[in-house]
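Let's take a walk through this protein together. Have the sequence and the 3D view open, and follow along as we go.

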Amino acid sequence: MRILGVDPGLRRTGFGVIESEGPRLRYVASGTIVVPADDDLSARLKIILDNLRQVVRDTAPDFAAVEKVFVNTNPASTLLLGQARGAALCALADTGLPVHEYTALQIKKSVVGTGRAAKTQVQSMVQHLLSLDGAPAADAADALACAICHAHISPMADRLREHGSHPAFARRGTRLRAGRLV
């Protein structure tokens with residue numbers, strides 16, 4: 001399964017593509033879409049949209065995983081980040097990819113083992129898990145981590161869907177919520 005991870009941002013949008021075969025992960029591609037800060041908002045969003053469409057065409061992923069936006073202290077920044085994320089989601093939806101969303105906490109916990117990991121820890125673990133020669137750039141590492149998170153979570157989610165109608169699961173009401181079994 002080939003997975004495209006996206007770390008949306010209005011100035012820098014990271015992307016990373018991996019292949020997952022059972023527990024094996026293999027690096028395919030990664031990079032950062034750098035958006036000129038002096039362009040107007042609509043032009044900046046179009047750059048994100050067009051470049052992600054091109055990444056999908058070039059790498060042919062089966063699934064996409066996108067980091068969810070969190071609310072920070074500056075509402076204007078949160079709104080702008082949401083618009084960048086919307087452009088990324090539109091690019092992925094336009095190409096017909098199934099899109100899965102994960103919080104930064106889920107991604108860090110899946111890759112590093114703790115949801116409070118620093119960016120450098122994420123970069124180091126991505127480098128280790130994908131056997132890279134060097135640490136990827138921060139935005140690309142976050143996108144690769146998002147793809148790795150999906151590679152780790154999707155098999156369990158698939159099994160839960162398969163067995164969801166089983167009486168043992170139905171009685172207990174077991175399901176997957178926010179990447180956790182509840």
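Start at A60, which is exposed, with a relative accessible area of 52%. That counts as exposed because the cut-off is over 50%. Keep in mind that what you're looking at is a predicted model. To find A60, look in the loop between helix 1 (41–59) and strand 4 (63–67). Now check its backbone: A60 has a positive phi of about 50°, even though it isn't a glycine.

Is S131 buried or exposed? It's exposed, and its relative accessible area is 63%.

Now let's go back to helix 1 and see what it packs against. Its partner is helix 2 (residues 75–94): the two pack at an angle of about 35°, and their axes are 8 Å apart. If you look at how helix 1 passes helix 2, you'll see a right-handed crossing. So who's doing the touching? On the helix 1 side, the contact is made by L41, L45, I48, L49, L52, R53 and V56. Helix 2 brings L80, Q83, A84, A87, A88, C90, A91, L92 and D94.

What kinds of residues make up the contact of helix 1 with helix 2, by class? There are 13 nonpolar residues, along with 1 polar and 2 charged.

Methods: Residues numbered from 1 in each chain as written. Predicted model: local features only at pLDDT ≥ 70, side-chain atom pairs only at ≥ 80, totals over all residues. Heavy atoms only, no water. Helix = DSSP H or I, 4+ residues; strand = E, 2+ residues; numbered from the N terminus. Buried < 20%, exposed > 50% of the residue type's maximum accessible area, 1.4 Å probe, protein only. Axes fitted to C-alpha atoms, helices over the stretch in contact; angles between N-to-C directions. Left-handed = near helix turned anticlockwise from the far one by under 90°. Contact = heavy atoms within 4.5 Å. Nonpolar A, V, L, I, M, F, W, Y, C, P; charged D, E, K, R; others polar.
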